Amino acid sequence: MLQTLYDYFWWERLWLPVNLTWADLEDRDGRVYAKASDLYVTLPLALLFLIVRYFFELYVATPLAALLNVKEKTRLRAPPNPTLEHFYLTSGKQPKQAEVELLSRRSGLSGRQVERWFRRRRNQDRPSLLKKFREASWRFTFYLIAFIAGMAVIVDKPWFYDMKKVWEGYPIQSTIPSQYWYYMIELSFYWSLLFSIASDVKRKDFKEQIIHHVATIILISFSWFANYIRAGTLIMALHDSSDYLLESAKMFNYAGWKNTCNNIFIVFAIVFIITRLVILPFWILHCTVVYPLELYPAFFGYYFFNSMMGVLQLLHIFWAYLILRMAHKFITGKLVEDERSDREETESSEGDEAAAGGGAKSRPLANGHPILNNNHRDVQDIVKRLIGLKLPVHKNIRIQTEHLQEEKVTASLKKVSFDLLHCPKAEATGCLIDNMKAHLAVNSAPGCHPPEVIQQWN
């Protein structure tokens with residue numbers, strides 16, 4: 001049974017053009033041809049890559065992070081709570097409102113304490129800035145070396161300048177040592193990425209990354225034993241040409257060098273669009289789809305290879321969309337960030353009030369709510385939310401922000417006052433007002449310090 005499946009899998013009509021057999025690709029007269037058995041070495045090489053990566057991150061990337069002053073954000077840990085931890089691990093990381101209320105009764109905590117516990121717990125599972133920097137450093141180093149090595153392999157070849165020469169004499173095309181090692185190292189690296197994907201930084205395109213790694217491994221493997229090596233070297237070098245730019249932009253972003261990150265990102269975006277959306281479909285794909293048919297009829301391997309190339313091209317379009325979104329944010333004045341990153345959640349408005357599961361500390365109160373230290377961004381976010389709020393008229397609520405607890409709040413925000421149109425049935429409005437009580441120190445009259453109430457009148 002297994003032998004039958006093996007024979008069908010390696011049937012010449014699947015992988016080679018008509019009238020050609022595997023015997024035609026046996027080594028002879030000093031000429032060496034690609035063989036499927038050559039790829040076995042990539043698995044132990046992939047494990048070697050993982051070992052090299054471990055020591056690289058430990059002895060190269062970590063000191064480099066310290067040199068570039070990569071700093072970790074202080075994260076408040078969720079206090080031990082067996083009830084909430086069991087729900088987090090078995091039912092979900094983001095409980096719905098009904099589940100929050102149920103967990104509140106079971107744990108003896110308030111609803112906001114439960115929500116805060118889950119925020120902190122989710123933040124604990126997010127990768128640290130140092131982990132992101134080390135991963136980006138490793139990939140940057142490999143992609144840069146691979147691109148330089150790839151260009152050295154193909155730049156002196158005639159098919160680098162004339163795509164039709166890719167198929168000259170196909171498939172009786174012998175390989176040279178530089179092509180062999182270029183293929184083995186690239187394939188081994190992508191195997192290592194697939195092996196480590198569970199422990200690497202997970203981004204929003206996690207599934208697309210898996211598809212990309214699998215499609216790349218299949219393409220490299222097939223192009224080797226079907227002797228698509230000339231086309232394969234062009235495709236690998238093309239992909240490496242922009243990847244190291246993205247990883248270097250990430251490194252500078254994690255180090256806080258925003259201007260350098262933004263400038264590198266612009267170069268990366270230009271190179272990515274040109275290579276992945278122009279050169280790849282209109283030169284490389286044209287070379288693999290059109291030119292082979294001038295030499296032999298289409299066969300299964302022809303359709304298979306170009307189908308995998310189509311999958312990669314769809315992924316390129318998806319990533320180009322994300323890149324253009326980031327470019328738009330940069331042009332409009334917002335800092336460039338990796339659109340795929342899972343952003344860390346900020347503490348709730350009552351984040352410093354009391355630890356979940358612990359007793360509340362004595363603090364000054366504003367209408368029954370603790371007055372908390374705030375940061376400038378929190379105040380700005382709330383101001384923006386209030387300005388955009390439109391609700392049916394019921395009663396006016398005037399909120400003055402003269403005595404903010406944060407010293408470094410701009411003067412323009414210290415004298416802000418709002419007239420909110422409040423509807424009692426709008427629960428969202430009540431939550432927003434509670435949020436204001438915690439984030440802003442409010443006054444009932446000028447000169448009242450510390451502020452104590454929110455002034456309401458009909």
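Predicted model: local features only at pLDDT ≥ 70, side-chain atom pairs only at ≥ 80, totals over all residues.

Me: What accessible area does the nonpolar surface patch with Leu48 and Val60 have together?
Reply: The patch is formed by Leu48, Ile51, Val52, Tyr54, Phe55, Leu58, Tyr59 and Val60. It lies on the surface. Its accessible area together is about 790 Å².

Me: Is Val60 buried, partly exposed or exposed?
Reply: Val60 lies in helix α3, residues 42-67. Its relative accessible area is 41%. Buried means under 20% and exposed means over 50%. Val60 therefore falls in between and counts as partly exposed.

Me: How many aromatic pairs does a search of the whole structure find?
Reply: Rings count as a pair if their centres lie within 6.5 Å. Searching the whole structure on that basis gives a total of 44.

Me: How far apart in sequence are the parts tied together by Phe49 and Phe189?
Reply: These two form an edge-to-face pair, 5.9 Å centre to centre with 75° between the planes. Phe49 lies in helix α3 and Phe189 in helix α8 (residues 177-196), so the pair ties together parts separated in sequence by 140 residues.

Me: Is Phe49 buried or exposed?
Reply: The cut-off for buried is under 20% relative accessible area. Phe49 has 16%, so it counts as buried.

Me: Which helix holds Tyr244, the partner of Phe147?
Reply: Phe147 and Tyr244 are stacked, 5.7 Å centre to centre and 25° between the planes. Phe147 lies in helix α7 (residues 129-154). Tyr244 lies in residues 229-254, helix α10.

Definitions and conventions. Residues numbered from 1 in each chain as written. Heavy atoms only, no water. Patch = residues over 30% accessible without salt bridge, like charges linked within 9 Å, V, L, I, M, F, W, Y side chains within 5 Å. Areas by Shrake-Rupley, 256 points an atom, 1.4 Å probe, with all protein chains shown as cover. Salt bridge = Lys/Arg side-chain N within 4 Å of Asp/Glu carboxyl O. Helix = DSSP H or I, 4+ residues; strand = E, 2+ residues; numbered from the N terminus. Buried < 20%, exposed > 50% of the residue type's maximum accessible area, 1.4 Å probe, protein only. Phe/Tyr/Trp six-rings, centres within 6.5 Å; stacked < 30°, edge-to-face > 60°.
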